[in-house]
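Subject: Structure handover

Hello,

Here is the structure I promised to pass on. Please open it alongside this email, and then read my notes below.

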Amino acid sequence: MSHPKKSPKKPPKQGGPKRSDNTAAKSAKPAAQPGPANQHRDDFWNIRLLTAQEALEKGNFICHIVSDLAEARKLVLETIIPSHQPESASWGGSMTFKESGLVEAIKGLGTIKVLDTYDTSLPNEQRLEMRRQALLVDMFFTGSNAVTEDGALVNLDMIGNRVGALAFGPKKVVVLAGRNKVVAGLDEAMFRIKEYAAPANAMKLNKKTPCLKTSHCQDCSSEDRICNTWVINEKSWPKARIEVILINQDLGL
Ligand code: SF4
């Protein structure tokens, strides 16, 4: 498949969020305009998103910038899925992906075999086996714990199915990441994950870990520890295997 054209190299001096120069973004319906009170915040993040986009594209990722989650969903349903026509799909734990409504939308297409490894009606062993099978789907969706401005995806997993898919397996990986995941570099990414995302995630999942009490990582040895495997994607191999959608909204943890 063709790689999208490069985005503008220089950030805009003013105005609303700029998108990557790709067909889907051009055809996407304009997002609801933020109120003037928040425009400066969107402008601030737009510059950082453009920096990350440029670096990611240099690293052979495909990268889009969209204004909000609705636009990300539209991009997936109207451009990414039709252009790849996956026969199977699955996803890793991602609040942003879940919130996008894409789980229901993809199931509703009726043309894709969906491996819902988060179906709580299934026994744990079956879901774990499905997560192994999900490493061989055509299209895998996930979020990212952090995206660096120098163009890397940084993730930390409990089980490893999500970071496993980012490293190898699915033919295509689509990453949805809110602007709050964008950080300067690897040190900040790891700090963000261990000092914020992981403790907050442990709280969300009601794990029996010390960070629930302190809100700081204690580098625990708990059986419930959710911090077991790091994966850093510095480049996408093969080129364009990983497609990142940066969203100019605060999303997920
Ligand atoms: S290592 Fe343990 S204490 Fe630290 S964030 Fe992860 S689960 Fe919490």
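This is a predicted model: local features need pLDDT of at least 70, side-chain atom pairs count only at pLDDT 80 or more; totals for chains, interfaces and linings use all residues.

N206 sits in the loop between α8 and α9, the latter spanning 211-214. Its phi is positive, about 55°, although N206 is not a glycine. Is N206 buried or exposed? N206 counts as exposed because it has 9 C-beta neighbours inside 10 Å, and the cut-off for exposed is 12 or fewer.

The loop between β9 and β10
Next, look at the loop that links β9 (229-233) to β10 (242-247); R241 lies there. P238 is in this loop too. A cis peptide bond joins P238 to W237, with omega at about -5°. A240 also belongs to the loop between β9 and β10. A240 is not a glycine, yet its phi is positive, at about 75°. It has 16 C-beta neighbours inside 10 Å, so A240 counts as partly exposed.

What does R241 touch, leaving out residues up to four places away in sequence? The contacts are K172, V173 and S236. R241 is partly exposed, because 18 other C-beta atoms lie within 10 Å, while a buried residue needs 20 or more. The C-alpha atoms of R241 and F168 are separated by 9.7 Å. Along the chain, these two residues are 73 residues apart.

Strand β4 covers residues 139-142. Which of its faces are covered? Both are: M139 and F141 are buried on one side, and F140 and T142 are buried on the other. In a regular strand, side chains alternate between the two faces of the sheet.

β4 runs parallel to strand β2 (residues 88-91), and 3 bridges join them.

Best wishes

Notes: Residues are numbered from 1 along each chain as its sequence is written. Helices (H or I, at least four residues) and strands (E, at least two) are DSSP runs, numbered from the N terminus. Two residues are in contact if their C-beta atoms, placed from the backbone, lie within 7 Å. Two strands pair if DSSP finds at least two bridges between them.
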